[in-house]
Amino acid sequence: MNVADSELVEALLKRESYKPAPKLEDADAIFVNTCAIREHAEKKVHSQLGRYRKIKLKKKDVIIGVLGCMAQSLKHDLLENKPYVDIILGPDSYRKLPTLLNRNQSDHSSQVDTTLSRFEVYDNLFPSRQVGINAWISIMRGCNKFCTFCIVPFTRGRERSRSMEGIVAEAKQAVADGFVEVTLLGQNVNSYNHNNNKFHYLLDAVAQVPGLKRIRFTSPHPQDVSADMLDTMARHSNICNHIHLPLQAGNNRILKRMNRTYTRNHYLALVRNIRKSLPGVGISTDIIVGFPGETEIEFQDTLEVMNEVKFDSAFMFKYSYRRGTKAAEYEDQIDENEKQNRLGKVIELQKYHTLERNQAFIGREETVLVEKVSKKSANQWAGRTGSNKWVIFNKEDAQIRDMVKVKITKTEGISLQGHLVSQAEAA
Ligand code: 5AD
Ligand code: SF4
């Protein structure tokens, strides 16, 4: 999402004739687009800002701006403690950036805009993209779910969706610019709804864009996975057979306390339904350990659900205290060492599951989109299956952007290895 937002900001600045600087030290203005989801993300921004401050000590006219979610949530802290920050701009205010830049240049005062909008979706603004395989397309912004651990509803405001026409036009433009894959993005991507056109209508329309080899989307909420969505995925071979389905926790009391709106059994039934509708589907997830009040026994329920589902992959996090959220008010916060201990356990278990899932691919022929040169060897390509597994194989006559058939011969770490069988027609 931040890459997509940065591409919007770049487009806005280019419109005003600003140009990217070759090096950070050469820039007249430096912007950092920020994420506030966990403390770790914030720490990275603070250390970047330390770097920019040093540049400013040597070159006092350089303008420093903090954009995005941290600007929204830490405005007062930044104004008080980081006086070298000139511009603070929330995620709904990017359009104001050129005006604020001009103002700052004329009167050298701090410029702040963190107004949240009920309407801004940047619909008529084409992002400035680097040439590549995958184009990120933001289809909706904000979130109305209010999971009690999450800062997003506060930093990004209420849900709103872009028009289908705007999104389809952007997908067509992406194909014209050489992209072969799009990833539809939203905080809650499958609660997309524009003039009563729901997410599956949009998927259906995007899947019909000529030349688009692959469509992915992230992140859906389990509550909004509909039969229509699964049916649309099953009908279009260019919609990737992968669903990211954040579990967060496996215990009903904790799920309720998180305000996740589903129980463990709902979730498990949904997984069965997804696997029945989409044979061979890849399912990945997000897991939080050490949510306030989570007992050891409740934590075991998360391991149990993982054992039942056997996710293909997972992003696993220690609960991170976010000021202003409901969960920050809970008094039974879990000790940091205990959180670390639980995190170690979920990571270990997931490793086994990933390996087990990957081993089932050995001997199969998979359709792979050639995406880049493998990090391990210049003679090998790396590409993904529709189900989102990385596959490494010798280049032979395949080219980047080709859809090829690869016979899987072994697993290595989290990826698969194989050899080219043939060029495949569009998936
Ligand atoms: N602490 C830890 N993880 C969090 N996430 C969101 N908020 C927090 C938090 N306060 C995780 C959730 C979500 C993913 C994007 O980030 O798992 O699905
Ligand atoms: Fe945060 Fe996702 Fe929950 Fe929205 S649905 S509050 S973005 S975790």
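**Ligands and a helix pair**

Tutor: Ligand 1 is surrounded by Ile37, Arg38, Phe149, Gln248, Asp286, Ile288, Phe317, Lys318, Tyr319, Ser320 and Arg322, where a surrounding residue has a heavy atom within 4 Å. This is a predicted model, in which local features need pLDDT of at least 70 and side-chain atom pairs pLDDT 80 or more, while totals for chains, interfaces and linings use all residues. Residues are numbered from 1 along each chain as written, chains are lettered from A and ligands numbered from 1 in written order, and side-chain values use heavy atoms, without hydrogens and water.

Student: Which atom of ligand 1 is 2.8 Å from the side chain of arginine 38?

Tutor: An oxygen atom of ligand 1 lies at that distance from a side-chain N or O atom of arginine 38. An oxygen atom of ligand 1 is also 2.6 Å from a polar side-chain atom of aspartate 286. A polar backbone atom of serine 320 is 2.8 Å from a nitrogen atom of the ligand.

Student: And what is around ligand 2?

Tutor: The residues there include Cys143, Cys147, Cys150, His221 and Arg260.

Student: Changing topic, how do α11 and α12 cross?

Tutor: The axes (lines fitted to C-alpha atoms over the stretch in contact, with angles from 0 to 180 degrees between N-to-C directions) of α11, residues 264–277, and α12, residues 296–309, come within 11 Å and cross at roughly 15°. Helices here are DSSP runs of H or I, at least four residues, numbered from the N terminus. The two are therefore roughly parallel, a term for angles under 35 degrees.

Technical notes:
Parallel < 35°, antiparallel > 145°, perpendicular 65-115°, else oblique. Polar contact = N/O pair within 3.5 Å; in protein donor to acceptor, adjacent residues only side chain to side chain.
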